[in-house]
Structure formats: C-alpha cells, structure tokens
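Subject: Structure handover

Hello,

Here is the structure for you to look over. My notes on the ligand site follow below it.

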Amino acid sequence: MAVKNEILQVAQECRLNAYAPYSEFKVGAAVLTVNNKVFVGCNVENASYPCGTCAEAGAISAMIAAGEHCIAEILIIADTKCILPCGNCLQKIAEFGNAETLIHSADLHGNIKTFTLQQLLPHNFDAGDMKC
Ligand code: THU
C-alpha cells in the first residue's frame, strides 16, 4: 500500500473521533515521520472557542510525545473539500519539517491535493531568526 493511502486511512478514521460540536466541521490528520512512524489527530473544540485545537496540532503533539521530531509528510482530511492547514498549523508543521515536507489535503470523495511546505509557507519565522 502506498504510504499516502495508509496515512489517508488512519486520518479518515481519526476524523470520526473529532470533537466538533460547535463548528460541526470534523477534521482528521496523520503525520508520517522520517522514521516511518505514523501519528494521528483530530480537532478538539471547546465551549471557550479559542481553546479548541486543530487536527494537525493533535497529530504533532502525539508525534512529539512519542519521541519523534521530523515530519516527512502530513495529511489532513475534511468533508467539504480539500482544505489547507491554517496559518497557525503551518507554523507548527514548519517547526518539525522543512521546505520539502509534503502536505496532502484530502476530502471524503478521494480527491487529494499535495503541496510542499515551501509552497504554503514560503517565508516563515524560525529559530534561526532569533540569532544575530
Ligand atoms: N480545523 C482543523 O482542525 N484544521 C485545519 O487545518 C483547519 C480548521 C478545525 C478547527 C475547528 O475545530 C474547525 O476545523 C473549524 O474551524
């Protein structure tokens, strides 16, 4: 099975567990690390709206908790269309990825669009920017 299909399947399964009673917009994500480990996440909303977290954030947290730090690919899946990670999540992906990190966006109809992080966030702030 192609890697992309594998992360598509687990992200889709995880999406079903999303806690999205306010937006009713369920999102699933799966990260594939450079060590071929896969971690999933879903959006978790909150009655205090800003406390909610995106699916990508959940998957990245699970990756870090497991001791992995390098994202090779990340896939997100929603029901309406192929959505792209929000700016906040792109910054999170940049922390653990690089310009060539692949970002796949899928919908429930089998459509997948793929971008590099460079395409979606070409001029991000990073740790190097804090050095003189
Ligand atoms: N959401 C994600 O989980 N990932 C994204 O990339 C965009 C938006 C979630 C956050 C919120 O729970 C819902 O989608 C509506 O914004």
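The shell around the ligand has 7 nonpolar, 2 polar and 2 charged residues. Here Ala, Val, Leu, Ile, Met, Phe, Trp, Tyr, Cys and Pro count as nonpolar, Asp, Glu, Lys and Arg as charged, and the others, Gly among them, as polar. The shell includes S23, F25, V27, L84 and C86, each with a heavy atom within 4 Å of the ligand.

This is a predicted model: local features need pLDDT of at least 70, side-chain atom pairs count only at pLDDT 80 or more, and totals for chains, interfaces and linings use all residues. Residues are numbered from 1 along each chain as its sequence is written, and side-chain values use heavy atoms, with hydrogens and water left out.

Now the polar contacts (pairs of N or O atoms within 3.5 Å). A side-chain N or O atom of E45 is 2.5 Å from a ligand oxygen. For N43, a polar side-chain atom lies 2.9 Å from a ligand oxygen. A55 uses a polar backbone atom, 2.9 Å from an oxygen of the ligand. The protein covers 76% of the 370 Å² of accessible area that the ligand has on its own (Shrake-Rupley method, 1.4 Å probe).

Best wishes

Conventions: A polar contact is a pair of N or O atoms within 3.5 Å; within protein, one must be able to donate a hydrogen and the other to accept it, and residues adjacent in sequence count only if both atoms are side-chain atoms.
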